[in-house]
Amino acid sequence: MPIMVDMRLFLLCAVAAFGQDVAKLGWMAGSWTGTRGRASIEEHWTQPNGNAMLAVSKTVVGGKMVEFEVLRVVVKDGAIVYVAQPGGRPPTDFKLTSSTDNEAVFENPQHDFPKLIRYKRDGDNLTASIEGGGKKIDFEFKRSTP
């Protein structure tokens, strides 16, 4: 019986730890809009729930959608992972390598570009950056809904 109690406690702690990690990224949740040149960009993140967050991103130029992306933050093999699917292509994983109360860094050194994805929030402003190979692109967003 003591082994069973210990195993249950271990499983409860493991589930709580995973949920807590994803929940730490709850500051990314909400609807965000920004512009880059002539492009209008929106990104919509769900609240963390079930050890996951989901998002969609859409880029519009001249009234026409020119890009879209499906995103998620999930627990895989005990690690928090950002999964990107630009244009509906196969998923690419980026492992969470550091996080604070308002910043998260995800990395995949084997990927061509980007190798690093960073989200940083300052009040109602959110910056998403992609980096790799000496190149860095920032996407500046303002909160459009909570």
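Tutor: Let us begin with charges: a search of the whole structure, which is a predicted model, finds 5 salt bridges.

Student: What makes Arg 118 and Glu 131 a salt bridge?

Tutor: Their side chains meet with N to O at 3.6 Å. The cut-off is 4 Å between a side-chain nitrogen of Lys or Arg and a carboxyl oxygen of Asp or Glu, so the pair qualifies. Arg 118 lies in strand E8 and Glu 131 in strand E9 (residues 125-132), so this bridge ties together parts that are 13 residues apart in sequence.

Student: Why is Arg 118 called partly exposed?

Tutor: Its relative accessibility is 24%. Buried requires under 20% and exposed over 50%, so Arg 118 falls in between.

Student: How do you know that Asp 124 and Arg 143 form a salt bridge?

Tutor: The N to O distance for Asp 124 and Arg 143 is 3.6 Å, and the limit is 4 Å, so this pair counts. Asp 124 sits in the loop between E8 and E9, while Arg 143 belongs to strand E10 (residues 135-145), so the pair ties together parts that are 19 residues apart in sequence.

Student: Are those two partners buried or partly exposed?

Tutor: Asp 124 has 48% relative accessibility, so it counts as partly exposed. Arg 143, at 23%, counts as partly exposed too.

Student: What makes Lys 136 and Asp 138 a salt bridge?

Tutor: The closest N and O atoms of Lys 136 and Asp 138 are 3.8 Å apart; with a cut-off of 4 Å, the pair therefore counts. Asp 138 is partly exposed, with a relative accessible area of 30%. There is also a network: salt bridges that share partners join Glu 103, Arg 118 and Glu 131.

Student: Let us turn to the rings. How many aromatic pairs are there?

Tutor: The count comes to 5 aromatic pairs.

Student: Why is the pair of Tyr 82 and Phe 106 called tilted?

Tutor: The ring centres of Tyr 82 and Phe 106 are 5.0 Å apart and the planes stand at 40°. Centres must lie within 6.5 Å to pair, and planes under 30 degrees are stacked while those over 60 are edge-to-face, so this pair is tilted. The pair links distant parts of the chain: Tyr 82 is in strand E5 (residues 79-86) and Phe 106 in strand E7 (residues 103-107), 24 residues apart.

Student: And what makes Tyr 82 and Tyr 119 a tilted pair?

Tutor: Here the centres are 5.8 Å apart and the planes are at 45°, so the pair is tilted. Tyr 82 is in strand E5 and Tyr 119 in strand E8 (residues 116-122), so this pair ties together parts that are 37 residues apart in sequence. Ring pairs link Trp 45, Tyr 82, Phe 94, Phe 106 and Tyr 119 into a cluster.

Student: How do you know that Tyr 82 and Tyr 119 are buried?

Tutor: Tyr 82 has a relative accessible area of 3%, and Tyr 119 has 1%.

Student: Which nonpolar core has Tyr 82 among the residues with the most contacts inside it?

Tutor: That is the largest nonpolar core, which has 26 residues. Among others with the most contacts inside it are Leu 25, Trp 45 and Met 53. Leaving aside neighbours within four places in sequence, Tyr 82 is in contact with residues including Leu 71, Val 73, Thr 92 and Ile 117.

Student: Why does Thr 92 count as buried?

Tutor: Thr 92, in strand E6 (residues 92-99), has 18% relative accessibility; the limit is under 20%, so Thr 92 counts as buried. Beyond its neighbours within four places in sequence, Thr 92 is in contact with Tyr 82, Val 83, Ala 84, Asn 108 and His 111.

Student: What makes the nonpolar surface patch?

Tutor: Val 56, Met 65, Phe 68 and Val 70 make this patch of about 320 Å². Strand E4 (residues 64-76) supplies its largest share, 3 residues. Met 65 is found in strand E4; its relative accessible area is 44%, between the limits of 20% and 50%, so Met 65 is partly exposed.

How values were computed: Residues numbered from 1 in each chain as written. Predicted model: local features only at pLDDT ≥ 70, side-chain atom pairs only at ≥ 80, totals over all residues. Heavy atoms only, no water. Core = buried A, V, L, I, M, F, W, Y, C linked by side-chain atoms within 4.5 Å. Buried < 20%, exposed > 50% of the residue type's maximum accessible area, 1.4 Å probe, protein only. Contact = heavy atoms within 4.5 Å. Patch = residues over 30% accessible without salt bridge, like charges linked within 9 Å, V, L, I, M, F, W, Y side chains within 5 Å. Areas by Shrake-Rupley, 256 points an atom, 1.4 Å probe, with all protein chains shown as cover. Helix = DSSP H or I, 4+ residues; strand = E, 2+ residues; numbered from the N terminus. Phe/Tyr/Trp six-rings, centres within 6.5 Å; stacked < 30°, edge-to-face > 60°.
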